[in-house]
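I opened my notebook to look up one protein, a step at a time. Come along and check each entry against the picture.

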Amino acid sequence: MVVRANTVGGEELPREVELLTAQKHPFILPVAEMLRDPDSGQLGLVTEYCDQGDLHSLLIGLRRRGEWVQENQVLTWLAQLCLALSHL
């Protein structure tokens with residue numbers, strides 16, 4: 001993940017990254033390290049490897065095949081998201 005830090009909130013972003021690196025929760029992707037390019041100001045987050053890929057790629061693949069996500073799967077993801085947010 002690469003984000004461009006702006007001058008207004010640029011100092012808040014490293015604190016958010018520190019918060020993410022300290023989290024230990026089954027539904028929060030662990031962040032191992034933050035990298036910053038001094039020339040461009042871009043930040044990169046090094047995360048744990050996801051062997052099943054990311055949600056965006058999964059949804060794009062389903063769309064291309066004309067398939068839908070089952071309702072019970074969406075509800076499971078929603079519950080996991082809520083649990084992760086409540087942990088923060």
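**Entry 1: the whole chain**

I began with burial, and of the 88 residues of the protein, 17% count as buried. I kept in mind that this is a predicted model. Next I looked up the surface: the protein exposes about 7300 Å², and carbon and sulfur atoms supply 57% of that area.

Then I listed the elements and found three helices and three strands. Reading along the sequence, I wrote down the pattern β-α-β-β-α-α.

I also looked up contacts between residues at least 6 apart in sequence, and 42% of them join residues at least 24 apart.

**Entry 2: the loop between α1 and β2**

I went to the loop between α1 (12-22) and β2 (31-36), where His-25 has its place. Is His-25 buried or exposed? His-25 counts as buried, because its relative accessibility is 18% and the cut-off for buried is under 20%.

What does the side chain of His-25 reach? I found the backbone nitrogen of Phe-27 at 3.1 Å. Leaving out residues up to four places away in sequence, I noted that His-25 touches Leu-83, Ala-84 and His-87.

Phe-27 lies in this loop between α1 and β2 too. Phe-27 is partly exposed, with a relative accessible area of 37%. With sequence neighbours up to four places away left out, Phe-27 touches Gln-80, Leu-83 and Ala-84. I wrote Leu-83 and Ala-84 down for His-25 and again for Phe-27.

I also looked up Phe-27 and Leu-85, which are 58 residues apart in sequence and 9.2 Å apart in space, C-alpha to C-alpha.

**Entry 3: a patch of leucines**

Leu-85 took me on to helix α3, where this residue is found. Leu-85 counts as exposed, because its relative accessibility is 54% and exposed means over 50%.

Which residues make the nonpolar surface patch? I listed Leu-19, Leu-75, Leu-78, Leu-81, Leu-85 and Leu-88, with a patch area of about 580 Å². Helix α3 (residues 71-87) gives the most to this patch, with four residues.

I wanted a reason for the spacing along the helix, and here is a handy rule. An α-helix has 3.6 residues a turn, so residues three or four places apart point the same way.

I turned to Ala-32, which is found in strand β2. Ala-32 is exposed, with a relative accessible area of 62%. Apart from residues up to four places away in sequence, Ala-32 touches Val-46 and Thr-47. I also checked Ala-32 against Glu-18: these residues are 14 apart along the chain, and their C-alpha atoms are separated by 9.9 Å.

Where does Glu-48 lie? I found Glu-48 in the loop between β3 (42-47) and α2. Glu-48 counts as partly exposed at 47% relative accessibility. Again without residues up to four places away in sequence, Glu-48 touches Leu-29 and Pro-30. Glu-48 and Glu-33 are 15 residues apart in sequence, and 9.8 Å apart in space from C-alpha to C-alpha.

**Entry 4: the two ends of α2**

Which residue caps the N-terminal end of helix α2 (residues 55-64)? I found Asp-54 there, with a side-chain oxygen 3.1 Å from the backbone nitrogen of His-56. Just after α2, I noted that Gly-66 takes a positive phi of about 75°.

I then searched the whole structure for salt bridges, and found one. In this salt bridge the side chains of Glu-67 and Arg-65 meet, at 3.2 Å from N to O. Glu-67 is partly exposed, with a relative accessible area of 41%. Arg-65 is exposed, with a relative accessible area of 52%.

**Entry 5: cysteines**

How many disulfides does the structure hold? I counted zero disulfides. I looked up Cys-50, which counts as partly exposed at 36% relative accessibility. Cys-82 is partly exposed as well, with a relative accessible area of 46%.

Definitions and conventions. Residues numbered from 1 in each chain as written. Predicted model: local features only at pLDDT ≥ 70, side-chain atom pairs only at ≥ 80, totals over all residues. Heavy atoms only, no water. Patch = residues over 30% accessible without salt bridge, like charges linked within 9 Å, V, L, I, M, F, W, Y side chains within 5 Å. Areas by Shrake-Rupley, 256 points an atom, 1.4 Å probe, with all protein chains shown as cover. Salt bridge = Lys/Arg side-chain N within 4 Å of Asp/Glu carboxyl O. Buried < 20%, exposed > 50% of the residue type's maximum accessible area, 1.4 Å probe, protein only. Disulfide = S-S within 2.5 Å. Polar contact = N/O pair within 3.5 Å; in protein donor to acceptor, adjacent residues only side chain to side chain. Contact = heavy atoms within 4.5 Å.
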